[in-house]
Amino acid sequence: MEFPRIPIGDWVAGGIDWLTINAGWFFDFLSAVMSFLVEGLSDILIAVPWFIMVVVLSLVGWVLRSVRFAILSLVGFLLINAMNQWNNAMLTLAMILIATLLAVIVAIPLGILAAQSDRVSSAVKPVLDFMQTMPAFVYLIPAVVFFSIGVVPGLFATIIFALPPGVRMTELGIRGVAGETVEAGQAFGAKKSEILFGIQLPLAVPTIMAGINQVIMLALSMAVIAGIVGANGLGKEVVASISTLDLAQGVEAGLSVVFLAIYLDRFTGALGDKKARSRSSLLALSTKARSRTATAA
């Protein structure tokens with residue numbers, strides 16, 4: 001006896017067709033906004049002479065991390081330019097930055113809501129599990145249906161694929177704040193919003209930064225895959241090298257992705273370290289304040 005087929009894929013395809021017909025104006029609006037953001041930032045990054053950009057990025061690495069990191073960044077970016085991949089790297093960087101920004105704008109408020117409400121957390125977790133386990137290539141199908149070929153479907157798919165770690169780590173960071181610290185704020189008469197923005201979020205920043213780091217890494221991996229749907233940048237170079245079996249082109253584009261990923265990873269890691277030191281200072285001040293209050297009592 002043959003088990004009856006459940007046409008889930010047909011139902012989903014029908015729903016996407018319905019959205020395309022009835023909400024086409026909304027997707028056109030999103031397409032215009034995302035195109036403006038990515039193309040605008042791309043134009044700015046490419047307009048700046050490459051040697052100035054290399055110096056600026058290396059100096060940022062020096063300030064945030066170390067001289068060694070600055071030197072390694074300088075060497076990496078010089079190699080990217082020497083392989084004639086600078087413009088492609090800047091196109092990919094623009095896409096990653098915009099995707100990360102939009103993902104964080106959604107992820108952090110959603111993570112805050114999940115941290116404050118068990119019901120929201122229970123409702124969000126299955127959705128995040130689905131988003132993280134669905135193969136990345138599948139996101140490209142509805143993205144192309146909604147936005148056609150180009151950078152916008154790649155950006156849309158990248159945001160969806162990279163968003164879950166931002167939500168999870170924001171919730172984890174807020175829930176990980178010591179209950180004694182929150183109780184101390186309540187004892188001083190702080191409102192719920194003051195506790196959130198004055199105690200929980202500042203102490204959760206290192207964990208949130210770790211989530212943003214993961215968002216950036218996933219966005220970078222998806223930005224390469226987005227080259228399949230016509231998104232310009234290093235991903236398109238990788239796809240072209242596969243279609244023509246051009247090993248040299250693939251190696252150069254791949255190494256450029258690696259250098260870009262290492263820089264962004266160390267950059268966000270350095271920001272997290274600085275926030276962690278601020279967190280330690282804040283905890284020390286909070287402890288002193290509680291001890292003084294206990295002594296006065």
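Predicted model: local features only at pLDDT ≥ 70, side-chain atom pairs only at ≥ 80, totals over all residues.
The protein chain contains 12 helices and zero strands. Read from the N terminus, its elements follow the order α-α-α-α-α-α-α-α-α-α-α-α. Along the principal axes, the C-alpha atoms occupy a box of roughly 75 × 65 × 40 Å. Of the 297 residues in the protein chain, 41% are buried.

Helix H2 covers residues 24–47. This helix comprises 24 residues, and the distance from its first C-alpha to its last is 34 Å, close to the 34 Å expected at 1.5 Å a residue. Its buried residues are Gly24, Phe27, Ser31, Met34, Ser35, Val38, Ser42 and Leu45. An α-helix has 3.6 residues a turn, so residues three or four places apart point the same way. The cover over the buried residues of H2 includes helix H1 (8–22), helix H3 (50–64), H5, helix H7 (136–147) and H8.

The packing of H2 against helix H5 (residues 86–116) was examined in detail. The axes of H2 and H5 come within 9 Å and cross at roughly 135°. H2 is therefore oblique to H5, since an angle counts as roughly antiparallel only over 145 degrees. The crossing of H2 with H5 is right-handed. On the H2 side, the contact is formed by Met34, Leu37, Val38, Leu41, Ser42, Leu45 and Ile46. These residues meet Asn87, Met90, Leu91, Leu93, Ala94, Met95, Leu97, Ile98 and Leu102 in H5. By residue class, the contact of H2 with H5 divides into 14 nonpolar, two polar and no charged residues.

A second pair is formed by helix H8 (residues 151–175) and helix H10 (residues 192–225), which pack at an angle of about 155° with their axes 7 Å apart. H8 is therefore roughly antiparallel to H10. The crossing of H8 and H10 is right-handed. The residues in the contact of H8 with H10 comprise 17 nonpolar, nine polar and no charged.

Ser121 is located in helix H6 (residues 118–133). With a relative accessible area of 5%, Ser121 is buried, because the limit for a buried residue is under 20%. When neighbours within four places in sequence are left aside, the contacts of Ser121 are with Ala114, Glu171 and Arg175.

Two loop residues have backbone torsions of note. Most residues other than glycine have a negative phi. Asn84 has a positive phi of about 60° although it is not a glycine. Asn84 is placed in the loop between helix H4 (67–82) and H5. Its relative accessible area of 70% makes Asn84 exposed. Ser148, likewise a residue other than glycine, has a positive phi near 65°. Ser148 belongs to the loop between H7 and H8. At 45% relative accessibility, Ser148 is partly exposed.

Conventions
Residues numbered from 1 in each chain as written. Heavy atoms only, no water. Axes fitted to C-alpha atoms, helices over the stretch in contact; angles between N-to-C directions. Helix = DSSP H or I, 4+ residues; strand = E, 2+ residues; numbered from the N terminus. Parallel < 35°, antiparallel > 145°, perpendicular 65-115°, else oblique. Left-handed = near helix turned anticlockwise from the far one by under 90°. Nonpolar A, V, L, I, M, F, W, Y, C, P; charged D, E, K, R; others polar. Contact = heavy atoms within 4.5 Å. Expected span 1.5 Å × (residues − 1). Buried < 20%, exposed > 50% of the residue type's maximum accessible area, 1.4 Å probe, protein only.
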